Amino acid sequence: AASSTASDVSQLPCHISFLAPATNDALLRLLTPLIPVANALGARMLDFDVYAGTRDAEQTARLTLPPVVAFFKRGLRRVQSGRAAAPETTGVDA
């Protein structure tokens, strides 16, 4: 089993990294002046402070978009061919 170290985790994208780079840039322009104030008050910045240091949305998109698009294309082909699978069960009664 693989284990994670603090440095491994610090290199992972934050949830802001999954948004479009242009959106992140606009939000950072708005929020960057507030980051020092929020830090001084102990307020959370919803990872915009983290993203300001990494700016990894383009890298994250290059790694995550191809498998996500492939997943949805496979599903679309299944639906179009009439082979849509029954919903998966979770083992929990609704």
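Q: How many aromatic pairs by the ring rule?
A: The count comes to one aromatic pair. Rings of Phe, Tyr and Trp (its six-membered ring) pair if their centres lie within 6.5 Å; planes under 30 degrees apart are stacked, over 60 edge-to-face, the rest tilted. This is a predicted model: local features need pLDDT of at least 70, side-chain atom pairs count only at pLDDT 80 or more, and totals for chains, interfaces and linings use all residues. Residues are numbered from 1 along each chain as its sequence is written, and side-chain values use heavy atoms, with hydrogens and water left out.

Q: Which residues form the pair?
A: Phe71 and Phe72, edge-to-face, 5.1 Å centre to centre with 80° between the planes.

Q: Is Phe72 buried or exposed?
A: Phe72 is exposed, at 56% relative accessible area. The cut-offs, with a 1.4 Å probe and protein chains only: buried is under 20%, exposed over 50%, partly exposed in between.

Q: Which helix does Phe72 lie in?
A: Helix α5, residues 57-80. Helices are DSSP runs (H or I, at least four residues) and strands likewise (E, at least two), numbered from the N terminus.

Q: What about the fold of the chain?
A: Five helices and zero strands, in the pattern α-α-α-α-α.

Q: Switching to the core. Which residues are in the largest nonpolar one?
A: It has 10 residues, including Cys14, Ile16, Leu28 and Phe48. A nonpolar core joins buried Ala, Val, Leu, Ile, Met, Phe, Trp, Tyr and Cys residues through side-chain atoms within 4.5 Å.

Q: How much of the chain is buried?
A: Buried residues make up 15% of the 94.
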